[in-house]
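Q: I am new to this structure and would like to learn how to read it. Please take me through the features one by one.

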Amino acid sequence: MSTKEERDIEKEYSTSEFVAKLRRLADSLESGEKFEIQIAGERIYVPVRAVYNVEHEREGDEEEIEFQIKWSNK
């Protein structure tokens, strides 16, 4: 099995693109199927066993909410 190149990418989407991705994610979760998404030209396959969490950060005048999906490829 080949090792994947390390990556740390943050990509902005329009509101309608973000909503569409969230809707597809919700549909996958409800149906118990893996989720597929393309980010910056790479197709990512999120397995059903993934763990989902929400993170909130605040620093000065800025706030951030991150919807995170984590899994191991082992």
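A: Begin with contacts along the chain, where contact means heavy atoms within 4.5 Å. Among contacts in the protein chain between residues at least 6 apart in sequence, 24% join residues at least 24 apart. This is a predicted model, in which local features need pLDDT of at least 70 and side-chain atom pairs count only at pLDDT 80 or more, while totals for chains, interfaces and linings use all residues. Residues are numbered from 1 along each chain as its sequence is written, and side-chain values use heavy atoms, with hydrogens and water left out.

Q: Which pattern does the protein chain follow along the sequence?

A: Helices (H or I, at least four residues) and strands (E, at least two) are DSSP runs, numbered from the N terminus. Here the protein chain has one helix and four strands, in the pattern α-β-β-β-β. Its C-alpha trace spans about 45 × 30 × 25 Å along the principal axes.

Q: How is strand β3 joined to strand β4?

A: Two strands pair if DSSP finds at least two bridges between them. Strand β3 (residues 51-59) and strand β4 (residues 62-70) run antiparallel and are joined by nine bridges.

Q: Is G60 buried or exposed?

A: Buried means under 20% relative accessible area, exposed over 50%, and partly exposed in between (1.4 Å probe, protein chains only). G60 has a relative accessible area of 69%, so this residue is exposed. It lies in the loop between β3 and β4. The C-alpha atoms of G60 and A40 are separated by 30 Å, with the two residues 20 apart along the chain. For the protein chain of 74 residues, buried residues make up 12%.

Q: What does Q68 contact, and why does Q68 count as buried?

A: Q68 is found in strand β4. Q68 counts as buried because its relative accessibility is 16%. Leaving aside neighbours within four places in sequence, Q68 is in contact with V51, Y52, N53 and E55. A polar contact is a pair of N or O atoms within 3.5 Å; within protein, one must be able to donate a hydrogen and the other to accept it, and residues adjacent in sequence count only if both atoms are side-chain atoms. The side chain of Q68 makes a polar contact with the side chain of E55 at 2.8 Å, and another of 2.9 Å joins the side chains of Q68 and E66.

Q: Where is K70, and what does K70 touch?

A: K70 is also in strand β4. With a relative accessible area of 48%, K70 is partly exposed. Not counting residues up to four places away in sequence, K70 touches A50, V51 and N53. The C-alpha atoms of K70 and F35 are separated by 12 Å, although the residues are 35 apart along the chain.
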